[in-house]
Amino acid sequence: MSSSQALIVPFDPSAPSQAVAGVLPLQLWSLTPSGDKAPKAGATATFYNTPASKTTTISSVGDGFSSEAEEVKRELVRKSVGAAVKELKAFEGVKEVVVDASLDPHAAAVAAHLALYKFTLKTNVPSPFDPRNAEPAGDKIAFAPVEKSAEWDRGVVYAQSQNLARTLAEYPANMITPTAFTERVRREFEGIANVEIVVRDEAWAAEKGMNVFLSVTHGTSEPAKFLEIIYKGAADKNAAPLAFVGKGITFDSGGISLKPGAGMKLMRGDMGGAAAVVSAALAIAKLQLPINLVVTTPLTENMPGPSATKPGDMCVSSTP
């Protein structure tokens, strides 16, 4: 039977090491049905009570790992750790996993948390993604490195931010309206230094003459929003900022130019640009990178209501 505690040990078949006491990857691999060739990157094997009272998954980074370029090595570590996490996810009893991150702490942390992610809104087991939850549920598995490092911690932030983007893009449109999107962003950035969140309404957009943006809102009853995230992490708070702009159509039916029904449900993903820039900003702010950043994203639905913009309609400025 599996233990609640597990180990993940990536290994190089051509240059094995013993980074974790009691775990000899090549010796363990020799116990599995395998041919003469070295295991490919991502090939895994799981052993119980090895070492005592723990479950261990060893995962190859591929033969000749040490001779690869650094970025290739990083990707091989991601592949190795990700494959091991996917295997361990199948064991219901596993709650804590210690990762040998010695080959690349950053890549190992990113891979572990990305591989663990699985979006679901099923109700037979309460979903951690249910937006009605008073508190966000923790991860199914808690990860920790064998040796703590700043690079592991940075990798965790990278992965958590990427997973936020995935979550925002996966929500059905009635759960991630423009209003719900901005409320979620406020919660995610709460307590982070040097950040200001500004949410504009349709009246503000009208004052600014944003008539093309407002024309998209005519067919929906959901109020449009214009979200700004202002992060000032540079030593000079007045220095010119980097700018991210993300498209935030939380559901795009096509308006009057109705899209085909077969792929309509995927149009909830038309706010993927907004999800990406918001999540990138979250990572930048959590890491307190020394830059200034402004993120802007217009948020609305595009629906075929009676006032929807029609092909050929003209949108003009309210001033000559």
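**A covered helix**

Tutor: Gladly! Among the elements covering the buried residues of helix H3 are helix H2 (70–88), strand E4 (96–99), strand E5 (142–145) and helix H4 (150–170). Helices (H or I, at least four residues) and strands (E, at least two) are DSSP runs, numbered from the N terminus. This is a predicted model, where local features need pLDDT of at least 70, side-chain atom pairs count only at pLDDT 80 or more, and totals for chains, interfaces and linings use all residues. Residues are numbered from 1 along each chain as its sequence is written, and side-chain values use heavy atoms, with hydrogens and water left out.

H3 itself runs over residues 105–116, and its 12 residues reach 17 Å from first C-alpha to last, close to the 16 Å expected (1.5 Å times one less than the number of residues). Of these 12 residues, 10 are buried, that is, under 20% relative accessible area with a 1.4 Å probe, protein chains only. The buried set includes His-106, Val-110, His-113 and Leu-116, along with alanines such as Ala-107 and Ala-111. At the start of H3, the backbone nitrogen of His-106 has a side-chain oxygen of Asp-104 within 3.2 Å.

One of the covering elements, H4, also meets H8: their axes (lines fitted to C-alpha atoms over the stretch in contact, with angles from 0 to 180 degrees between N-to-C directions) come within 8 Å and cross at roughly 155 degrees. H4 and H8 are therefore roughly antiparallel, a word used for angles over 145 degrees.

Methods
Buried means under 20% relative accessible area, exposed over 50%, partly exposed in between (1.4 Å probe, protein chains only). Contact means heavy atoms within 4.5 Å. A polar contact is a pair of N or O atoms within 3.5 Å; within protein, one must be able to donate a hydrogen and the other to accept it, and residues adjacent in sequence count only if both atoms are side-chain atoms. Angles under 35 degrees count as roughly parallel, over 145 as roughly antiparallel, 65 to 115 as roughly perpendicular and the rest as oblique.
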